[in-house]
Amino acid sequence: MLAAPAGSQLLVADGTAWLCRSHFGAPSVSKQSPAAAPLRAPSGQNTSALHIFLGTVCALLNAVPRASHVAVVFDFAAKNFRHELYPDYKAHRPPTPPELAEAAPEARALLDLAGLSVLSVPGVEADDVVATLATRGAQEGMDVVVASPDGDFRQLIGPRITLLRPVKAPRPDPAGPGAVGSRLALYGEAEFAADFPGLTPPRYVDYLALKGDPGDNIPGVHGVGPKTALRLLQACGDVEGVLAAASAGDTERLRAAARAPKRVLAALAAPAGADAARLSRRLVSLAADLRVPATTQAWAALRPRVPAGDRLRALEASLDRLALERRRAQLRQLWEHHDAYRGEES
């Protein structure tokens, strides 16, 4: 692999997750203020999510001021290998709200006009594209920041890969990334060790495999909760170690280490429990080795560029059309002061 330019820093943002969070955090949707009126364009289109989303992207860039390369990754609306492994993957989720579906193409177009690289791969989840770019960047000498509210990315954390995540703030900040009270914080090896003592980030997939992930309809092992999963892994190292101990009838050690009831140990020892754990592990493991144009292109393609000429006029027209004029000043501030923008015109 070719090394990245010296001193490069890569910011990879999970666009789909941030847009969803923007939609459900909008005042008109959020449970905190359901009666608030949404922001509407002259056409009547609800653009609250877009307003919050653009603010979030600006906040992400401001939180990583030395990022030299930036990519915002979105899901492609199609099934992927996880649906083939487990047809019920994410099957419990309701249909995408119409306003969120309407906002997605607008969000991608706005970021593209603003000079950022927007990536989407048919048949591949955004998570896997993010994981591949982050892993490749770290291998080629970049310091990488993965920006997402999705906890699954904890498995990527390492000496060169840090997460940027939302954390609760005391009160809503109108100038911040969203209508709900939140701020952004870096989350790395030290934070992971504090949250999951005795585990390393690569073992986070084993943790999810045992306890499951209701958000994605990942089954896990029946009866195993977060605390039990952590204790089992502290005692046995990984999923296979846990299953081997349960299968061998080493119940006394497991009960002493994990304080798990007999029914949980029986579930781990049963073939159905072992199959569920192994399937869940495959489902939650991010594919970090994709060989597609979006993940193998030259790093220079991910350098943001200051829009000018027709592109700038198109961006300003879109902001006006969507009643997002208030974000114009934030974007201009990024173009003038953020290290990612080198003054190159698109």
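Which residue forms a salt bridge with E140? The partner is R136, and the legends below cover this pair and others. This is a predicted model, in which local features need pLDDT of at least 70, side-chain atom pairs count only at pLDDT 80 or more, and totals for chains, interfaces and linings use all residues. Residues are numbered from 1 along each chain as its sequence is written, and side-chain values use heavy atoms, with hydrogens and water left out.

**View 1. The salt bridge of E140 and R136.** A salt bridge is a side-chain nitrogen of Lys or Arg within 4 Å of a carboxyl oxygen of Asp or Glu. Here the closest N and O atoms are 3.1 Å apart.

**View 2. The salt bridge of R93 and D216.** The closest N and O atoms lie 2.5 Å apart. R93 sits in the loop between helix 3 (81-85) and helix 4 (98-113), and D216 in the loop between helix 7 (204-211) and helix 8 (226-236), so the pair ties together parts 123 residues apart in sequence. Helices are DSSP runs (H or I, at least four residues), numbered from the N terminus. R93 is partly exposed at 41%, whereas D216 is buried at 10%.

**View 3. The salt bridge of R332 and E316.** The N to O distance is 2.6 Å. R332 belongs to helix 15 (residues 328-337) and E316 to helix 14 (residues 309-321), so the pair links parts 16 residues apart in sequence. R332 is partly exposed at 33%, and E316 is partly exposed at 22%.

Terms used: Helices (H or I, at least four residues) and strands (E, at least two) are DSSP runs, numbered from the N terminus. Buried means under 20% relative accessible area, exposed over 50%, partly exposed in between (1.4 Å probe, protein chains only).
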